[in-house]
Amino acid sequence: MRPIGKFLARLSGWLERHWLATLVAILLTYGLLPFAAPVLKWLGLDGAAQLIYQPYKLTCHTYGFRSFFLFGERFVYDRETFEQLSGISAGGSQYALGLLRARDFQGNPRMGYKVALCQRDIAIYVSMGLGGIAYSLARRRARPMPFWLFVALGVLPIGLDGFSQLLSQPPFGLLPYRESNWILRLITGGLFGFSVAWLIFPLIDGAAQPVQRPAQPVAKRSL
């Protein structure tokens, strides 16, 4: 076998044995790395901060009024306060443009600097990682979360909070206007992430176990 083949075989074997630790590390890194962006921004290392800010914009809306801030007057800003202090308004015909500006806004010395991932997504990925750690401690006894409980505990709360907010705002306006808050985003995101972990990780574990075939009886030879 060629060296590259040996390396891939060893890597595959290592991942098969340590897939849970690998996934937990990836989830926690993805959920916590965004906090490094405002630190770098505050230190004046803007170029390094953009290496975090820009990729996360591909996977998250990163609106300033739905994100955490560091090194400023507050840790969070509700939508009204954010618009007042940042000068970014998303009302009327400027709604879409305002959202784009709120997405691009990274902070200032007064407000602080924005964490590169929104509040709800941080809760989702960090709780999935913590759920993976909790699962590893009870791995031998743990079973997948029943699907009905996953829907009731994980899906319904985040769906109600997220979609009632979405459908109440332009371009829909189907419900009375509402903007969720950071506490609800953390709770619903955390419930969803933890539920996903306790549904998926045991299933992956079960699929990764080698199939144990029953021993076949050895036929006796007749003399």
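Which helices each supply at least two residues of the lining of the largest pocket? In this predicted model, they are helix H5 (95-104), helix H6 (119-137) and helix H7 (147-168). Of these elements, H7 gives the most to the lining, with 6 residues. The lining as a whole comprises 21 residues, and those nearest the centre of the pocket are His61, Arg66, Gly162, Gln165 and Leu166. The space in this pocket, the largest in the model, amounts to about 410 Å³.

The overall architecture is as follows. The chain contains 8 helices and 3 strands, arranged along the sequence in the pattern α-α-α-β-α-α-β-β-α-α-α. Of its 223 residues, 39% are buried. The accessible surface of the chain is about 13600 Å², and carbon and sulfur atoms account for 67% of that area. When contacts between residues at least 6 apart in sequence are considered, 70% of them join residues at least 24 apart.

Salt bridges were examined next. The count for the model is 10. Arg66, one of the residues nearest the centre of the largest pocket, forms a salt bridge with Glu179, with the closest N and O atoms 2.7 Å apart. Arg66 lies in the loop between helix H3 (46-56) and strand S1 (67-70), whereas Glu179 lies in the loop between H7 and H8, so the pair ties together parts that are 113 residues apart in sequence. The two partners fall into separate burial classes under a limit of 20% relative accessible area for buried residues. Arg66 counts as buried because its relative accessibility is 10%, while Glu179, with a relative accessible area of 22%, is partly exposed.

Glu179 also forms a salt bridge with Arg79, in which the closest N and O atoms are 3.0 Å apart. Since Arg79 is in helix H4 and Glu179 is in the loop between H7 and H8, this pair ties together parts that are 100 residues apart in sequence. Arg79 counts as buried, at 8% relative accessibility. Both of these bridges involve residues of a network of salt bridges that links Arg66, Arg79, Glu83, Glu179 and Arg185.

A further salt bridge is formed by the side chains of Glu73 and Arg110, at 2.8 Å from N to O. This pair links distant parts of the chain, 37 residues apart: Glu73 is in the loop between S1 and helix H4 (79-86), and Arg110 is in the loop between strand S2 (107-108) and strand S3 (112-118). Glu73 counts as partly exposed, with a relative accessibility of 49%.

With residues up to four places away in sequence left out, Val115 touches Pro34, Phe35, Pro38, Tyr53, Ser67, Phe68, Leu70 and Ile122. The C-alpha atoms of Val115 and Thr62 are separated by 8.4 Å, although these residues are 53 residues apart along the chain.

The second example, Leu199, lies in helix H8. At a relative accessible area of 13%, Leu199 is likewise buried. Its contacts, again not counting residues up to four places away in sequence, are with Pro144, Met145 and Phe150. Leu199 and Phe150 are 49 residues apart in sequence, and their C-alpha atoms are 7.2 Å apart in space.

Helix H8 also takes part in a nonpolar surface patch. This patch covers about 380 Å² and is made by Leu23, Ile26, Ile200, Leu203 and Ile204. Two elements give two or more residues to the patch, namely helix H1 (3-32) and helix H8 (182-208). The greatest share comes from H8, with 3 residues. Ile200 is found in H8 and counts as partly exposed, at 34% relative accessibility.

How values were computed:
Residues numbered from 1 in each chain as written. Predicted model: local features only at pLDDT ≥ 70, side-chain atom pairs only at ≥ 80, totals over all residues. Heavy atoms only, no water. Patch = residues over 30% accessible without salt bridge, like charges linked within 9 Å, V, L, I, M, F, W, Y side chains within 5 Å. Areas by Shrake-Rupley, 256 points an atom, 1.4 Å probe, with all protein chains shown as cover. Salt bridge = Lys/Arg side-chain N within 4 Å of Asp/Glu carboxyl O. Helix = DSSP H or I, 4+ residues; strand = E, 2+ residues; numbered from the N terminus. Buried < 20%, exposed > 50% of the residue type's maximum accessible area, 1.4 Å probe, protein only. Contact = heavy atoms within 4.5 Å. 1 Å grid on protein atoms, 1.4 Å probe; cavity = no way out; pocket = protein on both sides within 12 Å on 5 of 7 lines; lining within 4 Å. Points joined across faces, edges and corners; volume = space filled by probe spheres on them.
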